Amino acid sequence: MELALSGITKQFPGVLANDDVNLEVSGGEILALLGENGAGKSTLMNILYGLYTPTAGEIRIDGTARQFDGPGDAIEAGIGMVHQHFMLVPVFTVAENVMLGNEPTKRFGWLDLQRARKTVREISSRYNLDVDPDAIIEDLPVGLQQRVEIIKVLARQANVLVFDEPTSVLTPTEVVGFVEIMNGLKADGKAIIFISHKLTESLELADRIVIMRRGRTVAEVTPANMDEEKLAELMVGRPVDLVVNKTPAKPGEVVLSVENLVVLDDRDKRMVDGVSFEVAAGEIVGIAGVQGNGQTEIVEAITGLRPSLGGYVKLKGEDITTASARSIHKRNVAHVPEDRQRSGLVLPFSVTENIVLDSYYEEPISNGVRMDWPAAQEQATRLVEQYDVRTPGIDVAVSTLSGGNQQKVIVAREFDRDVTFVVASQPTRGIDVGSIEYIHSQIVGERDQGAAVLIVSSELEEIMALSDRIIVMFEGRIAGEFDSSATRTEIGLAMLGSRPEEITS
Amino acid sequence: MTAQIAAGATEESLHRATPEQRRARTVGILLLLLAAFVLWIFGLGVESTDTSTFNLSLPGAKYENIKWEVDSRMLSAILAAVIAFLGGLVLRRTYLRWTNVALAISLALTALSFLTWAAAGKSFSLVGMLVSTVVLSIPVTLGALSGLMCERVAVINISIEGQLLTSAFVGTIVGSAANIWIGFIAAVLVGALLGAVLAVLAIRYHIDQIIAGVVINIFALGLTSFLARRVLTAAPELNSPGRFASAKIPFFGDIPVIGPMFFDQNMFVYATFILVIVIHFGLFYTRWGLRSRSVGEHPKAADTVGIDVHKTRYRNVILGGCIAGLGGAFLTLSQVSRFEENLTAGIGFIGLAAMIFGRWMPFGALAAGLVFGFARALQQKLGILGTPIPSEFLSMLPYIVTIIVVAGVVGKSRPPAADGQPYIKQ
Ligand SMILES: Nc1ncnc2c1ncn2[C@@H]1O[C@H](COP(=O)(O)OP(=O)(O)OP(=O)(O)O)[C@@H](O)[C@H]1O
Ligand SMILES: [Mg+2]
């Protein structure tokens, strides 16, 4: 099994996303594709999967040139892809999602659910995926959803598997499982391409690493003679500081205090169950925990996006439990939401419009009636420059930006004010090392200027690097509180509700 | 440091109500008020000696003269007590999931009490009203099924009204000029044609689906009104297509009450029931249904597994048009047998409401259709019975029921996730 991409070029309006890219991969090999945000990695993979038509170039499989007019053709040629944003129908069961487009049927198109379930179970046990074919997708944690995506690809007999940022949504334990799955697939002779921003993981997993910058492949290396610093430098084109530099915190007065908070999710499940904690000025508190243990709901309740059932949220002593999102925002609270596409950005709006999304109604962007667009554009230009947002211009729709650059637009908007309290969920999800360095330094900078900072991340590394104090959540309650000297294992244990036997699974 | 999980919140600390609890409180209070109303108006509004007689068989039926005689005031008092009891249960807020069931039962009991009041001292053909309920529910159910076919693939079909009206018109003319069967086929084809127009506007040209639908409705109303005035007045022979006779199913048709309602009707009624079943099983147990639903929920996911989103949408929207065409044919080839200007008078929109009330499910659409059919049957029969209620108010009844049902009873229901959004490929 040999796959070769040669001379792939993709021109988007105003952006040359891929510029004469060559890439080869063969069966039994894992290839990591690294590069800055907007380097063109996702574009290249979407071309391989038939979602985009290349402007020039060709795809060859075992020596024969193939043309893909749509994903159907790519699937037929044995290519499978797990997208950055999962392509699962949330209200369907696992089995339904796996068989969709490829359904086993009896007479009259009657679905053969029995056979679909059997397929799921077979693949699931062969690669140790452990997924229940009858579970509904929206009830599953992200890690399991990803396994469903993998089963989906395998059920179509794919020989080339493409993963777009597979680990950016996974928890540490889930990553361990994922690595095992990848190695199992490799042993089975599949060719694997994965895109990642995580250097350690790429070094550990890949047989070969290809680095892209500004639409071109700039280097190809083997992990053996590489380390993280060198890799980061190759990606960004300058030396990158991979550790967060910060002085010990000097906590001041309490800014945020949460008392006995109880919050339900959309399906009336009690996700936050009597949580109390405080964040003081000049300190960074991190909330760690496996995703889905109430972190999302806590943040939504604090920022006024979700009503709470009981308890209080106080900002500088003032009760804001039932205050509206805007009135909380006006108290100088910055919020980087967890899901950038759903609650951080208006995707069809331009970069400028998204930048002023929180300030369009006040000076200097508007006088209450009329918008001052030149002022808005000036602000957008300045922030795009300052936060290194890679975009062809400030007037393009934010939906056309790469995932990481979309994230930077939000961070720029939220941090460009005097803030007393910052709450950031997954602040660097999908962001390249160079920009992580910048965003982390911004967060520490806000702290040093006296802001109280609350970070929520499923990325334990990030929590440990940034936080002065760490709270671990498990099943809607606080499972432990640690200072910055705690070890990974201690925190990891608490994340699993301190049931040691589960650590290894 | 060992981690210790803090204790959870106690029940006392939950001092803010959830939306469901607030809703239960409102509904509970409303039910208590309703009980008082039923007792006051329907119970005490009749003479204490009055009896209401409900006929449960039609004249000439195999089992004739089945009757139910009750003390009017007594029955309403009992019904009021049951409603008050349900209201009390809802107010206790321990079984939040049953709020809607209690509400639905109470409304049905109110309707029964209302009938007892209207029929006090008289005799009333209950079975006649139930038969009309079924007949009048047909166009609403078909409209809802048409909407459902489209919205399941994320195309909003607001033009059901126009599709019903146009196919009723064409069915009349073709049915009169040729024969009733050809008229029927023409009506279905015209429905399909209008479905295709909507599909092209919405899928190919990404025109806002609400606007496209409104345009089709205005066009249909204008065109059929104009032609009705010009053609049908000049040539009245084109306005008498005749009607499909009813076909009684042996044995089942003789069962009291149920028989005349469901087994002694014409083929439109049977076709509607069959369609409900076919669409239900089609949607949830076949490849076509799985693909259609995926296109309505997450078109991009469907696309990435090689499903042709646009083709799926075209097919379902055109099929939806056919179903609306069937409803249009029913209006003039079964119900009234002649066309009049704006003969649909909003049935298509009520169908849309029935689709929402029925939560985008075929059997839900049928149930909702029956509720609306009941409201219209009530309106007609009460006119005959002669109640003190002004007839203008009675003719508002189906529409009021629509508003109450959609705004109040439906609660949280979830349309297909991509509903109304065009799918644009890069
Ligand atoms: N549909 C589109 N229309 C216009 N421009 C696009 C479109 N998709 C991507 N681009 C542009 O192409 C470039 C490459 O984007 P791509 O998504 O491939 O980056 P990436 O390497 O995957 O980045 P990230 O790591 O942030 O996901 C970016 O500059 C982006 O703005
Ligand atoms: Mg990407």
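Modeller: A polar contact is a pair of N or O atoms within 3.5 Å; within protein, one atom must be able to donate a hydrogen and the other to accept it, and residues adjacent in sequence count only if both atoms are side-chain atoms. An oxygen atom of ligand 1 is 2.8 Å from an N or O atom in the side chain of Lys41(A). For the side chain of Thr43(A), the distance from an N or O atom to a ligand oxygen is 2.5 Å, and a polar backbone atom of Gly40(A) lies 2.9 Å from an oxygen of ligand 1. Taken alone, ligand 1 exposes 640 Å², of which the protein buries 91% (accessible areas by the Shrake-Rupley method with a 1.4 Å probe; for residues, only the protein chains shown count as cover).

This is a predicted model, in which local features need pLDDT of at least 70 and side-chain atom pairs count only at pLDDT 80 or more, while totals for chains, interfaces and linings use all residues. Residues are numbered from 1 along each chain as its sequence is written, chains are lettered from A and ligands numbered from 1 in the order in which they are written, and side-chain values use heavy atoms, with hydrogens and water left out.

The shell around ligand 1 holds 21 residues, the closest being Gly38(A), Lys41(A), Ser42(A), Thr43(A) and Ser402(A); a residue belongs to it if one of its heavy atoms lies within 4 Å of the ligand. Twelve of the shell residues are polar, six nonpolar and three charged (Ala, Val, Leu, Ile, Met, Phe, Trp, Tyr, Cys and Pro count as nonpolar, Asp, Glu, Lys and Arg as charged, and the others, Gly among them, as polar). Helix 1 of chain A gives the most to this shell, with three residues. Strand 2 (15–26), helix 1 (41–48) and helix 14 (403–415) of chain A each supply at least two; helices (H or I, at least four residues) and strands (E, at least two) are DSSP runs numbered from the N terminus.

Domain 1 (2–236) and domain 2 (254–504) of chain A both give residues to the shell, so ligand 1 lies between them; the bounds come from an automatic or database domain assignment. The centres of these two domains, taken over C-alpha atoms, are 29 Å apart. Their contact takes 24 residues from domain 1 of chain A and 24 residues from domain 2 of chain A, contact meaning heavy atoms within 4.5 Å.

Residues from chains A and B surround ligand 1, so the site is also shared between chains.
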